[in-house]
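Subject: Structure handover and findings

Dear colleague,

Please find below the sequence and structure that I am handing over to you. My findings follow directly after them.

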Amino acid sequence: MILTKQYRCVHSSSCQCTKGHLSEDVIFLVFRQLNWNPKLIAALSCVCKWFDDLAKRVLWKEFCKTRALKMMLDLQSCGSHSVDGNWRALGKLLIYCSGCSGGRLFNSIQIPGHFVYRTRFSRTSGKSFLLPHCRTDVLYVSDPCEHLDQGDDGDVGFFRGVFKSFMVSKVRRMLIDRGAQLHPTAVCPYCKAKMWNMLQANMVPQTASY
């Protein structure tokens, strides 16, 4: 893999990395040897904006490809490259359950976010979260993340998911046609995009509301 070599931080005049950086090729080889360890990638991102940019462009992408290659290839197929620039968000989706805070869908239930050891994502499972006439869309959904240690009120399973080509999906078109509102304050815990209200649009099928 040939990378554009950059030796100095070009993003911030206040960066402390005044002596330059290792080349991107060297960092790529080091993290490949480390099997794209997400904790080390996150730590590297905190060093300066140059390292953060490298992590978002290269390291998180390689992490996603090694953890869920088939899903990543599918998300980028058919000429759709909307996933580019969001590799860090996808990486977080693969390994982190965001939990929930009280006052929204789960009333007073509060479950802290936490890392998950391993998660399987399935497009077959994703169909159960779509209305029948939207099931030509591709939605990858994780196995449920159970929270049995939160007491009776916290016995809640969470799913995480990602659409392929959401901007041209039938789900998005239907949300717009039904005048679904964006939540005034809530954002996606992974990509920070505003969230549609699927319940208000009556678009949660019975197969997803058990």
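Does Lys194 count as buried or exposed? Lys194 counts as exposed, because its relative accessibility is 58% and the cut-off for that class is over 50%. Please bear in mind that this is a predicted model. Lys194 has its place in strand S9, which covers residues 194–196. Leaving aside residues up to four places away in sequence, Lys194 touches Leu182, Ala186 and Val187. Leu182 lies 12 residues from Lys194 along the chain, and 6.4 Å separates the C-alpha atoms of the two.

Overall composition

The protein chain has 7 helices and 9 strands. Of its 210 residues, 38% are buried. Among the contacts in the protein chain with a separation of 6 or more, 51% are accounted for by residues 24 or more positions apart.

Helices H1 and H3

Helix H1 spans residues 24–33 and helix H3 spans residues 49–67. Their axes come within 11 Å and cross at roughly 50°. That angle makes H1 oblique to H3, and the crossing of the two is right-handed. On the H1 side, the contact is made by Glu24, Ile27, Phe28 and Phe31. On the H3 side, Trp50, Phe51, Leu54, Arg57, Val58, Leu59 and Glu62 take part. By class, the contact of H1 with H3 has 8 nonpolar residues, 3 charged residues and no polar ones.

Two residues deserve attention here. Asn35 has a positive phi of about 55°, although it is not a glycine. Phi of Trp36 is near 55°, again a positive value in a residue other than glycine. Most residues other than glycine have a negative phi. As for accessibility, Asn35 is partly exposed, with a relative accessible area of 44%, whereas Trp36 counts as buried at 3% relative accessibility.

Helix H2 and its surroundings

Which residues of helix H2 (residues 38–45) are buried? They are Pro38, Ile41, Leu44 and Ser45. Seen down the axis of H2, these buried residues fall within an arc of 120°, so they line one face of the helix. What covers them includes H1, H3 and helix H5 (87–95).

The axes of H2 and H3 come within 9 Å and cross at roughly 170°. H2 is therefore roughly antiparallel to H3. From H2, the contact is made by Pro38, Ile41, Ala42, Leu44 and Ser45. From H3, the contributing residues are Phe51, Asp52, Ala55, Leu59, Trp60, Phe63 and Arg67. By class, the contact of H2 with H3 has 9 nonpolar, 1 polar and 2 charged residues.

Helices H3 and H5

The axes of H3 and H5 come within 8 Å and cross at roughly 40°. That makes H3 oblique to H5, with a left-handed crossing. H3 contributes Asp52, Lys56, Arg57, Trp60, Lys61, Phe63, Cys64 and Arg67 to the contact. H5 contributes Trp87, Arg88, Leu90, Gly91, Leu94 and Ile95. By class, the contact of H3 with H5 has 7 nonpolar, 1 polar and 6 charged residues.

Pro144

Where is Pro144 found? Pro144 is in the loop between strand S4 (139–142) and strand S5 (145–146). Pro144 is partly exposed, with a relative accessible area of 37%. Not counting residues up to four places away in sequence, Pro144 touches Phe158 and Phe159.

With kind regards

Technical notes
Residues are numbered from 1 along each chain as its sequence is written. This is a predicted model: local features need pLDDT of at least 70, side-chain atom pairs count only at pLDDT 80 or more; totals for chains, interfaces and linings use all residues. Side-chain values use heavy atoms; hydrogens and water are left out. Axes are lines fitted to C-alpha atoms, for helices over the stretch in contact, and angles run from 0 to 180 degrees between N-to-C directions. Helices (H or I, at least four residues) and strands (E, at least two) are DSSP runs, numbered from the N terminus. Angles under 35 degrees count as roughly parallel, over 145 as roughly antiparallel, 65 to 115 as roughly perpendicular and the rest as oblique. A crossing is left-handed if the near helix is turned anticlockwise from the far one by less than a right angle, and right-handed if clockwise. Contact means heavy atoms within 4.5 Å. Ala, Val, Leu, Ile, Met, Phe, Trp, Tyr, Cys and Pro count as nonpolar, Asp, Glu, Lys and Arg as charged, and the others, Gly among them, as polar. Buried means under 20% relative accessible area, exposed over 50%, partly exposed in between (1.4 Å probe, protein chains only). The arc is that of the directions from the helix axis to the C-beta atoms.
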